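Hi,

Here is the structure I said I'd pass along.

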Amino acid sequence: MECSSKLRQQAVNALQDNPQRQFTITQGKNEVPITASSLVELAADPYGISSDEYLTSMRDESVWGGGPEIIALASELKRQIVVLEQDESASSSGVCFLKVRARFGDAVFNDGSNSIYV
C-alpha cells in the first residue's frame with residue numbers, strides 16, 4: 001500500500017473509530033470543538049448521503065478527500081497541514097506564486113517547523 005493510501009485510511013479511521021472524538025476547527029478567530037460524527041455529518045449532508053456512506057466513499061482513492069479528512073489527519077500526525085493555491089494576482093512572466101488557502105490542525109501544532117504544505 002502506498003503512503004498516500006495509508007494516510008487516507010488513517011484519516012478515515014480517525015473519523016470512524018471514535019465518533020465522539022473531539023477536533024478543533026477555526027471559525028474566524030475562534031476555535032470551536034466539534035466531534036468526529038458531527039464533522040462527518042456536515043460533510044455528508046450536501047451530498048444527501050449517510051455518514052457511513054460518506055466514510056465508505058472517502059476510502060476510495062478515486063474520490064477527493066476534503067476538510068474532515070485533513071482535520072483528522074492533522075490530528076493523527078500532530079502536525080499542521082497547510083493547503084496552498086496559486087495566487088493568480090501575483091503570477092506573471094511564467095512565474096507561479098502560491099498563497100495559503102487554509103490551515104488545518106490545532107493551534108498547538110502551529111509552530112511552522114513541522115507543518116506539511118500541500
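The largest pocket holds about 540 Å³ of space. For the search, a pocket is an open set of points on a 1 Å grid over the protein atoms alone, where a 1.4 Å probe fits, with protein on both sides within 12 Å along at least five of seven lines; lining residues have an atom within 4 Å of a point. The volume is the space filled by probe spheres set on the points, which are joined across faces, edges and corners.

Lining this pocket are 19 residues, with Arg8, Gly65, Glu69, Ile70 and Leu73 nearest its centre. At least two lining residues come from each of α1 (3–17), α4 (67–77) and β3 (81–86), and α1 contributes the most, with five.

Before you dig in: this is a predicted model, so local features need pLDDT of at least 70 and side-chain atom pairs pLDDT 80 or more, while totals for chains, interfaces and linings use all residues. Numbering starts from 1 along each chain as its sequence is written, and side-chain values use heavy atoms, leaving out hydrogens and water.

As for the fold, the order from the N terminus is α-β-β-α-α-α-β-β-β, giving four helices and five strands (DSSP runs: H or I of at least four residues for helices, E of at least two for strands). The C-alpha atoms fill a box of roughly 45 × 30 × 30 Å along the principal axes. Of the 118 residues, 31% are buried, meaning under 20% relative accessible area with a 1.4 Å probe, protein chains only.

Cheers

How values were computed. Buried < 20%, exposed > 50% of the residue type's maximum accessible area, 1.4 Å probe, protein only.
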